[in-house]
Structures are given as C-alpha cells and as structure tokens.
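Please read these numbered points with the model open beside you, and check each one against the structure as you go.

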Amino acid sequence: MEKDLWIRIPLSSNYAAAHAVKDVDVDVVAAYPITPQTTVVEKIAEFIANGELNAEMIHVESEHSALSACIGASAAGARVFTATSAQGLELMHEMLHIASGLRLPIVMSIAARALSAPLSIWGDYSDVMNTRDSSWITIIASTAQEVYDSIIQAYKVAENPDVLLPVMVAYDGFTMSHTYEPVYVAKDRSIILDYVPKKRPSWNVLDVEKPITMGVVANPDWYYEFKYQQVVAMEKSPEVLKEAFQEFEKRFGRRYGFIETYNLENSKIGILTYGGLYGTVIEAIDYMKKMGMNVAAIRLRVFRPFPYEELLKAIKNLEALIVIDRAISFGATLEGPVAMELATMAYKKGLDIALHSYIASIGQRAVTEEDVIAIVKNTVALLEKGVKVTEKSIYWGVRL
Amino acid sequence: MSSSTKQGYKTVFDIPREEYQAPGHGLCAGCTAGTIVRLLLKVAGPNTIVVNATGCVEVSTTTFPYTSWKVSYIHVAFENTAAVASGIEAAIKILKQKGVIDPNKQMNIIALAGDGGTADIGIQALSGMLERGHKVMYVMYDNEAYMNTGIQRSGATPKLAWTTTTPVGKVLKGKLQIKKPMAEIVAAHRIPYVATANPAYFLDMMNKFRRGLEVEGPSFIHVIQPCTTGWRFDPRLGIKIARLATETAMWINWELDHDEFRVTVPVPKRKHVKHYIRLQGRFNHLTDADIEEIQKMVDKEVERINKMVGKEIIGPVVE
Ligand SMILES: Cc1ncc(C[n+]2csc(CCOP(=O)(O)OP(=O)(O)O)c2C)c(N)n1
Ligand code: SF4
C-alpha cells in the first residue's frame with residue numbers, strides 16, 4: 001500500500017460508509033434516518049453541503065420511497081446509494097425484490113439491528129437475514145476499514161454487466177456503527193475512481209433517444225426465465241467478486257476474500273460467525289491458545305452468493321464446527337440461518353463433521369470472550385456425549 | 001404568472017398526428033384510459049419518461065415481450081410512482097449538471113397512476129414528491145375504484161356507488177363515504193399547477209397537460225376516467241358519460257395555476273345528476289330519493305365553486 005495515497009483517520013463504520021460514498025462519486029442518494037444508521041445520512045448530507053460530494057440528495061419521506069427513488073435514479077443511469085437498518089429495511093422489502101428483478105446496480109449499507117416487536121434499537125442480524133431470498137449480493141463487514149473498502153468493491157461488482165445485481169454491505173449496529181477505528185481513506189478519490197470508473201451505464205437505462213420499457217408484466221410463459229436469469233447472475237457473481245477483490249488488493253494492498261480464517265492449521269474445532277463478533281472470537285482464540293487449546297475461527301464475509309468452495313476448503317479437515325448465528329429463523333430445522341446453510345453443505349458433500357448451532361447476541365445481548373470460551377467448552381462436552389449435530393440451535397445467554 | 005391554457009390546442013387540427021401509444025393494448029374495449037394516455041403522449045412528445053403505477057394501464061400495455069409504449073417507460077410498484085419519478089428527476093438533474101446527459105435536452109417526466117395508486121396507497125409518496133418540489137407531472141386517471149384487481153372500492157369511489165367490496169345488500173347500499181377530494185389535497189401542498197380534467201373535453205385536458213409540463217416544479221392533473229367494466233355501461237358510452245359528468249357538475253373542470261383559480265369549462269345550464277347516474281350499472285340500486293341526495297351534494301359543491309370564482313360559472317339545473 002502506497003502510504004502517501006491514503007490518510008488514516010478515526011471513523012465509525014457509519015462514517016466509513018459515508019466516506020466510501022463520497023469517494024466513488026455517487027450521483028444520487030436517497031435515504032431516511034433510522035438508528036443506528038442515521039449518522040451515515042447526516043455525514044453524506046455534510047459532504048454535499050460542503051461541496052465535497054456533488055450529488056442530489058433526496059430527503060424522502062420513508063425507506064420505501066428511499067429505495068424507490070434509488071430504483072428510479074438507477075434506472076435513469078445514475079450511481080446511487082442508500083442506507084438503512086431494521087424497520088427501514090423491512091419497509092423496503094418489496095422494493096428489494098424489484099431492485100434486483102430490474103437488475104439495477106444499487107448499493108446499500110446496513111447498520112444491522114434487531115427487529116420489532118418488542119422494539120429494540122440494538123444490533124443483531126435479524127434484518128439482514130430477512131433479506132436472504134431477495135437476490136441481493138450480501139457482504140458482512142467486520143471492521144470500519146472493511147466497510148469503506150467493501151462499499152467501493154460493491155459498485156465494481158454490481159455494475160459489472162455479468163452481474164447487474166444490487167449489493168448490500170452490512171455491519172454491526174452500534175458495536176461498529178458507533179465506535180471509532182482508524183481507517184485509511186483515499187487522499188484523492190481519483191484512485192478509487194480508477195478502480196470503479198464511471199463509464200456509460202453498463203445497464204439498461206431510461207433514455208429518451210432509445211426508448212425502452214422497464215418493469216413489464218410477465219405471464220407464466222416468461223416470468224420463470226426472468227428469475228432464472230437472476231440465478232445465472234448470482235452464479236456468475238463469485239468470479240466477478242473474486243476479480244474485484246484481487247484487483248483491489250493489487251492496487252491498494254488490502255486483502256479480502258469470501259471468508260476469513262484464523263488459526264485453522266492446527267485446529268480440530270472451528271467457530272464460524274460474521275460481523276464484528278469475529279473480533280471477539282479471535283481474542284478468545286488467542287486466550288484459549290495460551291491455555292493450550294487450538295480452535296480455529298472462520299468469518300463469513302460474503303453471505304450471498306454463499307461461498308461454498310471456500311468454506312468447504314476451510315472446514316474439510318475440522319472435526320467439529322460451531323456456528324454462532326446472530327439471527328433466528330423461527331421454526332426452521334436449525335434456527336440459525338447460517339448453520340442451516342452449513343448443514344446443507346455438509347450433507348451435500350458427505351462431510352464427516354460435527355455441526356453445533358448456537359444463537360447469540362440477539363438484541364445485542366453481550367457476547368464476551370468468556371462466552372466464546374464457554375461455548376467451546378460446552379461443545380466439547382456435547383461431542384464427548386456423542387452429539388454430532390445439535391437437535392435444535394442452542395440459545396446462548398438467554399434466561400429460560 | 002398568467003395561465004396559458006387558453007393558447008395551445010384550439011381545435012382538433014392542432015392535435016399532433018404522431019402516436020406514442022402503439023395500437024394493440026389490452027385495455028377493455030371502450031376504456032377511456034386509452035384515450036387519456038394517447039392524448040397525454042401526443043402532448044408530451046418523444047422526449048418523455050413515463051413512470052406508471054401498477055393498475056389497469058400498466059398490466060394492459062406492457063405484457064412481455066410486447067409493449068405499447070413508444071417513449072421510455074418504467075413500472076415499479078403500486079404505491080411508489082411519485083418516489084420513483086422523484087429519483088428519475090433527481091438523476092437527470094445531476095447527470096445534466098455533470099455533463100453525462102446533454103444539459104440542453106428538454107425531458108418530460110410523467111407519473112401516471114390510478115385513483116388507488118394515488119389517493120390511497122400512493123398518497124404518502126405523492127405528498128413527499130410534492131413537498132420536495134420535483135419537476136414531475138403527475139397524472140391521476142380516476143376510474144373511481146381498484147379496477148385491475150376487480151372493482152374494489154377506493155378512497156375516490158363516490159358515495160353510494162356499488163363495488164365488489166361495497167356490495168349492495170339488505171343492510172348496506174354501496175359505499176358509505178364521500179369521494180376523497182384528491183386535487184384539493186394536492187393543491188394544499190401549494191404546488192405551481194393543479195387541474196382537474198375530462199377526456200370528453202379533450203382540448204381542455206390537453207392544454208392542461210401542456211401547462212403541467214411547462215411549469216417549474218410539480219404539477220398534478222386529476223382526470224376522470226369512465227370505466228366500462230367497473231361502472232357497468234355499454235362500451236360505446238364512455239365519452240358520453242364523461243361529458244355528462246361535467247354537464248351535471250358531478251365533475252368540475254378547473255385549474256389552479258399558481259394562485260389563480262378558474263373553472264375552465266363553464267356550465268351555464270346544468271343537467272340533473274340522474275342523467276349521469278342512470279346510465280351506469282354501479283348506481284342501479286339507487287332510488288329516486290338516493291339520487292336526490294346526490295343532487296343536493298352536487299348543488300352544495302356548485303355553490304362553493306361559484307363562490308370561489310366570484311360569479312355563477314356553473315348555472316342552475318335546467319332539465
Ligand atoms: C402493495 C400492493 N398491494 C396490492 C396490490 C394489488 N393491486 C394491484 S393494482 C391494484 C388496484 C389498482 O387500482 P387503481 O390504482 O385505482 O388503478 P386501476 O387498476 O383502476 O387502473 C391493486 C389493489 C399491489 N400490486 N401492491
Ligand atoms: S377495467 Fe375499466 S379501467 Fe380497467 S381497462 Fe377495463 S375499462 Fe379500463
């Protein structure tokens with residue numbers, strides 16, 4: 001990384017997101033404030049007010065309109081951005097499907113937060129996991145630096161003609177959105193725009209010279225093919241994501257993949273999680289190491305498309321995998337949404353691996369290093385009793 | 001600012017010959033929505049982007065792989081036409097400023113939605129768009145019910161009308177509430193131009209579309225749209241019924257251009273509302289007494305409008 005191209009400043013993940021929006025020269029921002037996302041909107045408004053970003057900011061009257069306006073602006077050929085959390089993301093839900101169905105390269109950041117009722121403004125991933133089947137590429141960042149970098153990468157992937165799907169970049173509400181970390185941001189955004197050039201729109205746009213009809217009615221004779229095209233786009237996206245990550249690393253020196261691993265070589269037990277909790281897990285692993293216990297950490301960075309190959313490689317030599325989910329899929333076979341993916345994968349590949357599903361940090365219930373260690377100990381005890389797959393997810397830290 | 005609707009289209013020969021709505025749509029035979037949209041596009045011309053809400057017009061003109069639209073067109077959902085149009089307007093503004101789009105290119109952005117998509121589910125997005133002042137012309141075609149889903153009542157359904165959700169039974173006789181005064185709700189937002197129009201008075205309607213596209217900021221045109229299927233009338237009667245709406249003052253053609261209010265189609269001799277009502281199956285259940293109740297409502301409204309204009313612009317009932 002060439003040091004003189006970057007400045008290192010303390011930023012919350014929300015501010016990191018706003019800086020990324022400024023540096024990719026977004027044309028239209030439409031967003032509605034909601035805790036803990038609000039400071040993203042405020043920061044972008046400040047950038048525009050100061051002339052640091054030349055963009056139209058639409059102060060919409062709801063999140064539904066925020067994403068609707070982004071759909072309109074993107075359809076007109078603009079680079080667009082929005083951000084939200086929890087209830088806002090739920091209010092957008094209908095539009096999530098329309099944005100991807102219309103194949104518009106919208107990028108959205110999400111300060112992940114618990115869903116009402118009861119009302120909770122605190123961080124978990126219930127909101128993000130609820131969008132699972134909306135055909136958005138989903139990245140979950142675990143540092144403010146990664147939030148900045150991922151949003152930049154997101155435009156490169158979304159606008160690729162082989163993909164043309166919207167992308168969301170999520171991170172923990174409060175524990176990341178409102179805490180500061182040192183972040184490298186570009187001194188001059190030209191280096192970022194070199195990486196994500198604003199060429200003529202790579203997608204179909206509402207051009208008065210070449211009229212098109214968007215958002216048609218598709219009868220049973222056609223609808224299925226439209227949806228299959230989205231399947232194909234998702235299938236092509238890993239290659240595009242990989243190239244985007246590699247080019248990013250080559251240019252800027254910061255390395256990202258679909259997953260991240262820690263202490264994998266010597267471990268028989270692994271812990272898989274996502275978002276800011278990964279940092280806590282790493283701390284716990286370092287501590288356990290000192291106690292003579294080797295445990296690996298795996299972080300899911302890209303949730304959609306699900307990074308099948310990479311995960312397979314990471315877990316194939318493990319004897320047991322602990323998945324700590326931060327959302328509940330009520331009534332599911334395993335109520336941890338990511339654990340369910342892993343179970344499917346293990347079955348498909350005939351892996352001989354124990355799989356223990358834990359749910360934690362719901363409504364931002366604290367998860368400390370001690371919790372992680374206790375989860376590992378609990379798992380070891382279960383393994384000794386011969387429990388290969390937890391019958392139900394284990395609700396860690398809940399008062400029964 | 002003076003209203004310029006008097007200029008423009010004076011006779012039928014002034015109407016552009018170019019068609020931007022291709023033949024072959026799937027609207028019901030005799031649907032007056034087709035007439036409205038066709039004339040709207042003639043006024044707007046080729047440099048136009050239409051944003052259309054879910055509803056009759058959308059489903060019957062965009063069945064893949066066909067389209068009736070010769071101008072750029074987008075449908076997103078039922079409730080957010082105004083928000084989508086806001087996004088398009090903002091994008092074009094900034095892309096012009098950044099030189100991506102030719103800054104001298106004049107473009108019309110038209111939002112087109114039914115009464116359901118405007119007065120009910122879409123009113124929040126519409127209000128937001130008006131308050132923010134986007135330069136979009138919003139055209140509400142008002143067939144007074146949710147026709148696309150099969151004639152359910154909307155906020156714009158008139159009092160006592162039958163719909164499938166306000167059926168006529170032993171206890172209830174159609175819709176209980178009065179029609180939501182949408183154009184006046186919009187006017188309360190203090191936007192530059194609001195008008196009501198009627199396809200039977202097509203030159204008046206087209207001049208209003210023209211004025212709506214010309215003003216700076218948002219404009220709103222509320223167009224009555226007789227629906228053969230939902231109102232239950234013979235398909236050949238659409239325009240006749242539309243004309244009767246104005247002749248009976250069930251529908252008053254007015255405009256509010258900046259602060260200037262005028263009734264654009266004066267009716268010196270008014271017809272009794274029964275002439276309008278008796279042609280439509282949706283009012284079949286009404287007794288003479290019910291019709292008199294409607295007549296009284298209309299009389300009161302005429303009085304109010306005349307007071308606003310300051311003279312008897314709409315005259316008394318002369319059979
Ligand atoms: C969120 C949502 N709710 C309901 C519907 C179903 N729906 C589609 S069109 C429509 C009614 C449209 O009525 P209106 O706006 O009056 O237009 P018209 O069909 O009469 O032209 C309804 C209820 C929908 N598409 N989206
Ligand atoms: S139902 Fe009514 S509004 Fe819809 S297409 Fe038929 S006539 Fe037109």
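1. Strands β1 (residues 48-52) and β2 of chain B run parallel and are joined by four bridges, and within this pairing Val50(B) has Tyr73(B) as its bridge partner. Strands here are DSSP runs of E with at least two residues, numbered from the N terminus, and two strands pair if DSSP finds at least two bridges between them.

2. This is a predicted model, in which local features need pLDDT of at least 70 and side-chain atom pairs count only at pLDDT 80 or more, while totals for chains, interfaces and linings use all residues. Residues are numbered from 1 along each chain as its sequence is written, chains are lettered from A and ligands numbered from 1 in the order in which they are written, and side-chain values use heavy atoms, leaving out hydrogens and water.

3. Strand β2(B) also pairs in the parallel sense with strand β9 (residues 213-214) of chain A, over two bridges, where Tyr73(B) is the bridge partner of Thr213(A). From β2 (residues 72-75) of chain B, Ser72(B) and Ile74(B) point one way and Tyr73(B) and His75(B) the other, and all are buried (under 20% relative accessible area, with a 1.4 Å probe and protein chains only).

Notes. Buried < 20%, exposed > 50% of the residue type's maximum accessible area, 1.4 Å probe, protein only.
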